[in-house]
Amino acid sequence: MSIALYLRELRRGAFPTFVIGAILALYIVSVVHMYDPAIARNLGTIVDTMPDVFAAFGMSNAATTMTVFLVNYLYGFLLTWVPLLLVMMTVNRMVVRPVEGGSLSYLLSTPTSRLRIAATFVEILLTVLAVTMALIVVVQVVCAESQFPGELDRAGLLRASVGLLCLWVFMAGLGFASACCFRDARVALWAGGGAFLLMLLAKMVSQVGKGLELLQDANPIGLFDPYELVAASGDAAWHAAVLAVAGVVLLAVGVAVFCRRDFDV
């Protein structure tokens, strides 16, 4: 790893990371503030009037506890796609834009090897996601314990959060591999992100339509089940681990391509 490159890119990405983290934190505070048995019953009534809409966004489960309430309104949709913005902005700043503008040539001309450069890019990407996840968990725990002491199952929330981080690693792998593999800047930026959005759309459709379970079974992101992770049931932990391994493999593919590719800069 190149420490100088690592610190430089973290500084450059600090502001967008802070903005997205702040937006997520504000939303989490609002969701925690909404938790109340009476409100939960009212939300359940609303769900009954529009079941397909709430099912599409992964919010149809009965929120009987604080933990399930948070998972229902945060982990089902919002926290599965908003971090994609961070991934795309990061890979665009580190790889896509420098390749397109030719500024990558200055970095490649330094004594730092391509392997160290690519590995540093991967570590930056994972650091950004890890910091964002830490913020999300801390905000949820602090807000929940301050307003509803003892209501939160911290272990269950942590399991769901680790599983979500595995999903983010898979997302990062798609984005980084795409940025390194494609020569056209627009394809390099959008192929990985677009593939993830299509997977998310397929999951939403499978949760609404009858007889569309195949879309869920054949969808990699269908391996992430926050409710089973909270309950520590089934093979949810192993499925999340598969997502993480797939993400690491994709990141390794991106590194390998970066090391061998002629960037024409």
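Why are Phe69 and Tyr73 separated by about one helical turn? I looked this up in helix H5 (residues 66-75): the two are four residues apart in that helix, so about one helical turn lies between them.

**Entry 1: ground rules.** I am working on a predicted model, in which local features need pLDDT of at least 70 and side-chain atom pairs count only at pLDDT 80 or more, while totals for chains, interfaces and linings use all residues. Residues are numbered from 1 along each chain as its sequence is written, and side-chain values use heavy atoms, with hydrogens and water left out.

**Entry 2: overall make-up.** I found 13 helices and zero strands in the protein. Helices (H or I, at least four residues) and strands (E, at least two) are DSSP runs, numbered from the N terminus. Of the 265 residues, 48% count as buried; buried means under 20% relative accessible area, exposed over 50%, and partly exposed in between, with a 1.4 Å probe and protein chains only. I also checked contacts (heavy atoms within 4.5 Å). Among those between residues at least 6 apart in sequence, 77% join residues at least 24 apart.

**Entry 3: aromatic pairs.** I counted rings of Phe, Tyr and Trp (its six-membered ring) as paired if their centres lie within 6.5 Å; planes under 30 degrees apart are stacked, over 60 edge-to-face, and the rest tilted. By this rule there are two aromatic pairs. Phe69 and Tyr73 make a tilted one, with 4.9 Å centre to centre and 50 degrees between the planes. Both Phe69 and Tyr73 are buried. The other entry is Phe121 with Phe258: the ring centres are 5.9 Å apart and the planes stand at 90 degrees, so I noted the pair as edge-to-face. Phe121 is in helix H8 and Phe258 in helix H13 (residues 236-260), so this pair ties together parts 137 residues apart in sequence. Phe121 is buried at 0% relative accessibility, and Phe258 is buried with a relative accessible area of 0%.

**Entry 4: the core.** I took a nonpolar core as a set of buried Ala, Val, Leu, Ile, Met, Phe, Trp, Tyr and Cys residues joined through side-chain atoms within 4.5 Å. The largest has 75 residues, and Tyr75, Phe121 and Phe176 touch the most other members. Helix H8 (residues 114-147) gives the most to this core, with 14 residues. I then listed the contacts of Phe176 beyond four places in sequence; among them are Val91, Val95, Phe121, Leu251 and Val255.

**Entry 5: H6 against H9.** Helix H6 (residues 78-101) and helix H9 (residues 154-181) pack at about 35 degrees, with their axes 9 Å apart. Axes are lines fitted to C-alpha atoms, for helices over the stretch in contact, and angles run from 0 to 180 degrees between N-to-C directions. The residues that meet include Val87, Val91 and Val95 in H6 and Trp168, Met171 and Phe176 in H9.

**Entry 6: two single residues.** Thr90 is in helix H6 and counts as buried at 3% relative accessibility. Leaving out residues up to four places away in sequence, Thr90 touches Ile124 and Leu125. Ala195, in helix H10 (residues 185-208), is partly exposed with a relative accessible area of 25%.
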